[in-house]
Amino acid sequence: MKAFNGKTAVVTGAASGMGRALTQKLLSFGAHVVATDVNDDGLKALVSGHSGNGKLTTQQLDVTNQVAFTALIHDVAAKGSLDYLFNNAGIAITGELKDNVQSDWQRTIDINQMGVLYGTLAAYEVMRAQGFGHIVNTASIAGLMPAPMLALYAMTKHAVVGLSLSLREEAKVYGVRVSAVCPGIVETNIVGVEQMQKLKLGNDSPFDFIRKRTPVRPISPDQAAQAILAGVVKNLPEIIFPLHGKLSVSTFHNARRVWELAVAPGLKIMRGK
Ligand SMILES: NC(=O)c1ccc[n+]([C@@H]2O[C@H](COP(=O)([O-])OP(=O)(O)OC[C@H]3O[C@@H](n4cnc5c(N)ncnc54)[C@H](O)[C@@H]3O)[C@@H](O)[C@H]2O)c1
C-alpha cells in the first residue's frame with residue numbers, strides 16, 4: 001500500500017497481536033513507525049525482528065498515563081509530522097458482570113476508554129494544527145453489538161465507537177480523519193490464562209472453543225492488520241472485518257431472535273451451566 005510510504009504512524013499496544021502486525025505491515029510499506037507498549041520486552045523483540053523497509057522507533061508507553069501519551073504525540077509531531085495514530089492497545093476482562101470487581105471496571109475503562117481518549121485528544125490537537133492526519137481507534141464488533149461474558153469490554157468498545165464516529169464529523173472541517181476499527185475474532189494474546197480460567201472451557205483456548213463449536217473461523221493478526229490498513233486507505237468510518245464480524249453485527253441488528261438463539265449455547269457453556 002503506497003499510501004503509507006514515508007508516513008509517520010504511532011501504534012499503541014505494538015508488542016503483540018494486531019498492534020505488532022500493524023507495525024510490521026506499516027514498516028513493510030515504508031512507513032516510520034513509533035511502536036509503543038507497556039511491554040518493553042515485547043518492543044525489544046519487535047526491534048530484533050525488524051529488517052528491511054521502513055523506520056522503527058520504539059518507546060515504552062502506558063496509555064493510561066495521559067501526560068506521557070501527550071508528550072509522545074507532541075514529540076513525534078515536532079520532529080516532522082504525525083500522519084497516523086493507531087490507538088490499538090486494549091485488554092479484555094472476562095466473566096459475568098456480577099463477578100467482575102472494581103479493579104476490573106477501572107482497568108478496563110482506564111486502558112480501553114481513557115487510553116483511547118488521551119491519544120485521540122493529543123493527536124487531534126497536533127493534526128488540527130497540521131491540517132491533516134488520521135486517528136484510527138480500535139474498538140471491536142463488541143462496540144456495535146452486545147458481548148455477554150465481556151460486558152465491561154463491550155461498554156468501553158461502544159464508547160470508542162461513539163467517540164470516533166462523533167469526532168469524525170467534527171474533525172472533517174480541520175482536515176483530520178477518524179475511523180473506528182471493529183474486528184471480529186482475531187487469534188491474539190488478548191485472553192490470557194487468568195481470563196481463560198474464568199470461562200469454563202476446559203483446556204480449550206477461546207479460539208479452539210470457537211473453532212470447535214461454531215462456524216466462525218478466527219483470523220490471524222496479519223490478516224487483521226491488512227484489513228485495517230485497507231480500511232484506513234479508503235477512510236472508512238467503521239472498519240468491520242472479517243465476514244463473520246459483519247454477519248454477527250448485521251444479524252444482531254436485523255434478526256435479533258436469530259442472534260439470541262445463536263449466542264445462547266456458548267453462553268451456557270462459558271457459565272458452566
Ligand atoms: N483479538 C480479538 O479477537 C479482538 C477483537 C476485537 C477487537 N480487539 C481489540 O484489538 C486491540 C488489540 O488487541 P489484540 O487482540 O491484538 O491483543 P494483544 O493482547 O495481543 O495485544 C494488546 C497489546 O496491548 C498492550 N497493552 C495492554 N495494556 C496497555 C497499556 N495500558 N498501555 C499500553 N499498551 C498496553 C499489551 O501489552 C499488548 O501488547 C485491542 O484494543 C482489542 O480490544 C481484539
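Q: Which helices each supply at least two residues of the shell around the ligand?
A: Two are listed: α1, residues 17–28, and α5, residues 151–171. Keep in mind that this is a predicted model.

Q: How many residues surround the ligand, and which are the closest?
A: The count is 28. Ser16, Asp37, Asn88, Tyr153 and Thr188 are the closest.

Q: What about the shell: how many nonpolar, polar and charged?
A: It has 14 nonpolar residues, eleven polar ones and three charged ones.

Q: How far is the polar side-chain atom of threonine 188 from an oxygen atom of the ligand?
A: That distance is 2.6 Å.

Q: And which polar backbone atoms lie by a ligand oxygen?
A: Asparagine 189 has one at 3.3 Å from an oxygen atom of the ligand. Glycine 17 has one at 3.5 Å. Taken alone, the ligand exposes 830 Å², and the protein buries 91% of that.

Q: Which elements give two or more residues to its lining?
A: Strands β2 (32–37) and β3 (55–60), plus helix α3 (66–78).

Q: Which residues line that pocket?
A: Among them are His32, Val34, Lys55, Thr57, Gln59, Leu72, Asp75 and Val76. The lining also includes Thr8, Lys79, Gly80 and Ser81.

Q: How does that lining divide by type?
A: Six residues are polar, three are nonpolar and three are charged.

Q: New topic. How many aromatic pairs are there?
A: The structure holds five. One of them is phenylalanine 4 with tyrosine 84. Their centres are 5.1 Å apart and the planes are at 50°, a tilted pair.

Q: Where do those two sit in the chain?
A: Phenylalanine 4 is in the segment before β1 (8–11), while tyrosine 84 is in strand β4, residues 84–87. They are 80 residues apart, so the pair links distant parts of the chain.

Q: Now the backbone. Which residues does the cis peptide bond join?
A: Phenylalanine 241 and proline 242, with omega at about -15°. Proline 242 lies in the loop between β7 (238–241) and α9 (243–254).

Q: What is phi for methionine 149, and where is that residue?
A: Phi is near 75°, a positive value in a residue other than glycine. Methionine 149 sits in the loop between β5 (133–138) and α5.

Q: Why flag those two spots?
A: Because most peptide bonds are trans, and most residues other than glycine have a negative phi.

How values were computed:
Residues numbered from 1 in each chain as written. Predicted model: local features only at pLDDT ≥ 70, side-chain atom pairs only at ≥ 80, totals over all residues. Heavy atoms only, no water. Near = heavy atom within 4 Å. Polar contact = N/O pair within 3.5 Å; in protein donor to acceptor, adjacent residues only side chain to side chain. Areas by Shrake-Rupley, 256 points an atom, 1.4 Å probe, with all protein chains shown as cover. Helix = DSSP H or I, 4+ residues; strand = E, 2+ residues; numbered from the N terminus. Nonpolar A, V, L, I, M, F, W, Y, C, P; charged D, E, K, R; others polar. 1 Å grid on protein atoms, 1.4 Å probe; cavity = no way out; pocket = protein on both sides within 12 Å on 5 of 7 lines; lining within 4 Å. Phe/Tyr/Trp six-rings, centres within 6.5 Å; stacked < 30°, edge-to-face > 60°.
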